[in-house]
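Reader: I've got a structure open here and would like to talk it through. Shall we go over the fold, the core and a pocket?

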Amino acid sequence: MTSSFRTGAREGFTAFLPLSVGLVPWALVMGMAMISTGFSPLQAMGMSVIVFAGTAQLGTLPLIAAEAPIWLIIMTALALNLRFVIFSAAIAPGFRGTRLAERWLAGHLLTDGVFAVCLDKMLHNNDPRWRLGYFLAPAAWSWLLWQVFALIGILAAAYIPRQWSLEFMATIALIVLLVPMARVRPMLIAAIIGGTSATLLRNLPLRLGVIVGICAGIAAGFAAENIEHRNKQP
């Protein structure tokens with residue numbers, strides 16, 4: 001472990017620490033939701049460790065509980081994680097000069113918050129070990145925090161009163177991540193159209209409203225970006 005790696009890790013961890021608080025209620029809700037769906041504690045913890053994707057887990061749990069077709073569960077998980085294709089393409093230059101195994105590990109640990117914190121710094125630093133440390137420290141902390149509080153949620157599922165509305169706290173945590181990222185008009189339009197569509201279509205069977213909302217948001221974002229690009233042309 002080089003000194004530049006340790007320096008990057010320290011700076012990355014410091015930058016991410018305040019944002020990581022938002023993971024706590026989300027992981028608690030995730031743990032409780034898996035138990036209420038019918039998972040055993042071992043199954044729930046296994047899903048948390050292997051999948052490590054809160055949005056996809058929360059989105060597919062109702063489908064698993066409703067015994068929906070496997071293709072629909074897979075499609076929903078892929079749609080909910082589609083943003084990571086864009087995240088990966090954007091942050092990939094920050095991993096130039098790192099080994100393949102390190103990049104695979106980084107891919108598994110990538111989260112919304114880590115992406116938001118690390119992207120800009122990683123693209124503007126020429127030291128590959130510093131960049132890797134800057135990414136891995138908050139990513140590993142995020143993974144550890146998630147697993148610990150998911151386990152607490154799993155163990156406490158039978159004791160936490162439902163009227164505490166922790167589900168709403170998870171939504172707040174997502175909004176805290178979303179708002180700073182919607183800084184340009186196409187992203188804001190995509191978020192508004194996608195969120196509004198999913199809300200209006202929430203009564204569709206098998207939660208298909210989520211899929212439609214994601215597609216509507218992506219289409220609106222692309223359309224807004226194309227219109228903006230055309231308007232800038234002389």
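Reader: How many helices and strands are there in the protein?
Author: This is a predicted model, where local features need pLDDT of at least 70, side-chain atom pairs count only at pLDDT 80 or more, and totals for chains, interfaces and linings use all residues. Residues are numbered from 1 along each chain as its sequence is written, and side-chain values use heavy atoms, with hydrogens and water left out. Helices (H or I, at least four residues) and strands (E, at least two) are DSSP runs, numbered from the N terminus. Read along the sequence, the pattern is α-α-α-α-α-α-α-α-α-α-α-α, and the count is twelve helices and zero strands.

Reader: Is Cys-118 buried or exposed?
Author: Buried means under 20% relative accessible area, exposed over 50%, and partly exposed in between (1.4 Å probe, protein chains only). Cys-118 sits in helix 8, where Asp-112, Gly-113, Val-114, Phe-115, Val-117 and Met-122 are buried too. With a relative accessible area of 0%, Cys-118 is buried.

Reader: How far apart in space are Val-21 and Leu-145?
Author: Val-21 lies in the loop between helix 1 and helix 2, and Val-21 is exposed because its relative accessible area is 55%. Val-21 and Leu-145 are 124 residues apart in sequence, yet C-alpha to C-alpha the distance is 9.0 Å.

Reader: Which helix gives the most to the lining of the second largest pocket?
Author: On a 1 Å grid over the protein atoms alone, a pocket is an open set of points where a 1.4 Å probe fits, with protein on both sides within 12 Å along at least five of seven lines; lining residues have an atom within 4 Å of a point. Of its 35 lining residues, the closest to the centre are Phe-52, Ala-53, Asn-81, Phe-84 and Leu-110. The most, five residues, comes from helix 4.
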